[in-house]
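Biologist: Could you show me how to read a pocket and whatever sits inside it? I'm new to this, so please go slowly.

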Amino acid sequence: MLPATVTVDPAFVVGPVRRRTFGSFVEHLGRCVYTGIHDPGHPTAGGDGFRGDVVELTRELGVSTVRYPGGNFVSGYRWEDGVGPVAERPRRLDLAWHSTEPNLVGVDEFMRWARRTGVEPMMAVNLGTRGVQEALDLLEYCNVSAGTQWSERRRANGAQDPYRIKMWCLGNEMDGPWQIGAKTAHEYGRLATEAARAMRMIDPDLELVVCGSSNSGMATFGAWEHTVLTEAYEHVDHVSAHAYYYESDGDLASFLASAVDMDHFIDSVAATADAVRAAGKHRNRVHISFDEWNVWYQKRAESRPPSGDDWPVAPVLLEDRYNVADAVVVGNLLISLLRHTDRVHAASQAQLVNVIAPIMTEPGGRSWKQTIFHPFALTSRHAAGDVLRLAIDSPVTETARFGEVPVLDAVATHDAATGEVVVFATNRSTTDDVVLDVDLRGFPGLVVREALTLSNPDHTWAATAEDDTTVAPRLNTTARTADGRVRAELPPVSWTMIRLGSA
Ligand code: AHR
């Protein structure tokens with residue numbers, strides 16, 4: 001048993017819990033859209049073709065925003081293909097994923113799905129094969145009330161009122177050599193600035209996200225953000241961050257410490273943005289939109305797109321099956337995002353359905369929850385009020401990738417309205433229990449209302465359509481309060497949520 005102490009104090013507020021931390025992502029990729037959210041033949045589908053079971057699961061997951069329509073896909077997308085009578089829409093090659101895009105779902109359908117699901121849309125424009133004019137046309141289609149070509153086209157297509165989409169991504173991963181229309185930082189910085197300036201002429205209240213690095217291992221990481229923001233700082237609100245983690249070479253210890261990289265990523269981008277702000281004497285402050293993050297086993301066969309003459313519609317792509325260790329890492333990545341709530345103002349787990357996703361579907365059939373569903377749903381449901389900075393005293397463990405890392409990682413939230421304090425914690429040890437001792441100074445009289453732990457003696461257990469319940473968060477009966485402290489035992493490779501309230 002490894003002892004770890006956490007001190008929770010109401011005075012140490014990092015910032016508010018932001019609902020947008022719990023965003024997700026729907027890309028025209030594999031079966032995310034087609035047979036994922038959209039499956040007209042499915043028994044739960046309404047007249048709009050959207051699966052009711054997926055709508056319900058998305059609500060249960062607690063998703064706030066949904067980024068759309070990509071991802072790599074957006075860098076070759078003509079949004080006009082996806083509006084108007086469905087029978088007249090063209091089928092196109094999707095070069096990003098070597099697939100055929102049937103354009104059965106476009107902006108109008110997505111917006112109907114977003115309304116029905118109760119999520120805020122986050123729209124991306126194509127700055128790969130297209131530019132400022134097409135971004136303006138899409139913005140006019142979506143946000144202008146009436147009286148212009150594109151706004152009237154939207155009305156003719158059935159949407160009388162403008163969509164008033166607030167958050168817009170200025171392209172996607174434009175630093176990536178795999179991206180259609182990839183650019184140097186200088187080229188992209190100029191283009192993003194021109195797009196942002198023009199878009200704001202239509203709607204000054206937009207929140208704009210400029211592309212940061214595709215991951216912290218990019219050769220241009222840091223320099224990219226510096227150059228792009230030097231061009232665009234005054235014209236944007238957020239810089240994006242993307243990161244995927246996976247267990248390489250069976251190195252579980254490093255994998256469990258993935259949040260160390262996310263912490264480093266966020267701290268580095270925030271420092272770079274602040275340096276540009278100081279040098280440019282800017283008054284606004286650019287925050288981070290961590291709008292792609294997850295566990296993704298990129299080297300597995302299912303991540304390989306089709307090739308040659310094979311251009312299928314909605315192929316099985318990136319359909320990773322997640323185990324218990326993956327869910328623990330996802331829970332820890334959410335801890336990292338929350339602890340940076342002062343700088344991370346939005347985030348999107350990539351993606352929502354079938355494609356590296358918490359929700360899986362069978363075409364026309366069952367839907368089910370992956371292991372990673374649970375920490376996301378519980379954190380989204382119970383993190384409320386303010387995020388508190390914790391003093392953590394934890395033993396360390398050696399990892400090949402990150403050196404020594406604390407075995408215990410944790411964050412807490414405090415909702416002044418309800419008085420509830422929630423502690424989210426991971427035990428990153430591969431072998432030992434952690435005995436967690438929480439000092440609740442400043443919160444007299446709190447008792448444990450609920451303590452749930454996700455773990456399994458076999459951390460490689462993965463859910464399936466047949467069984468997605470055998471391993472799920474279970475009551476942690478070791479969690480007790482006494483003398484203003486909470487004590488709980490956390491098994492190795494585990495994620496835990498402890499909710500505390502007045503007796
Ligand atoms: O989420 C899968 C892909 O990962 C996205 O299309 C792209 O933006 C990123 O590289």
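Predicted model: local features only at pLDDT ≥ 70, side-chain atom pairs only at ≥ 80, totals over all residues.

Biologist: Which residues surround the ligand here?

Modeller: The ligand is surrounded by F25, E27, G71, N72, W97, N172, E173, Y244, E292, W296, Q351 and I356. By class, this shell has five nonpolar, four polar and three charged residues.

Biologist: Which residues place a polar side-chain atom by an oxygen atom of the ligand?

Modeller: For a polar contact, look for a pair of N or O atoms within 3.5 Å. A polar side-chain atom of E27 lies 2.6 Å from a ligand oxygen, and one of Q351 lies 3.0 Å from a ligand oxygen. With N72, a backbone N or O atom lies 2.9 Å from an oxygen of the ligand. As for cover, the protein hides 96% of the 280 Å² of accessible area that the ligand has on its own.

Biologist: And how do I find the empty space?

Modeller: Rolling a probe the size of a water molecule over the atoms shows where empty space is left. Here, the ligand takes up the space of the largest pocket, whose volume is about 650 Å³.

Biologist: What lines the largest pocket?

Modeller: Its lining has 30 residues, with W178, N215, Y244, W296 and Q298 nearest the centre. Strand β10 (residues 238–245) gives the largest share, three residues. Sorted by class, the lining of the largest pocket has 14 nonpolar, 11 polar and five charged residues.

Methods
Residues numbered from 1 in each chain as written. Heavy atoms only, no water. Near = heavy atom within 4 Å. Polar contact = N/O pair within 3.5 Å; in protein donor to acceptor, adjacent residues only side chain to side chain. Areas by Shrake-Rupley, 256 points an atom, 1.4 Å probe, with all protein chains shown as cover. 1 Å grid on protein atoms, 1.4 Å probe; cavity = no way out; pocket = protein on both sides within 12 Å on 5 of 7 lines; lining within 4 Å. Sits in = over half its atoms within 2 Å of the grid points. Nonpolar A, V, L, I, M, F, W, Y, C, P; charged D, E, K, R; others polar. Points joined across faces, edges and corners; volume = space filled by probe spheres on them. Helix = DSSP H or I, 4+ residues; strand = E, 2+ residues; numbered from the N terminus.
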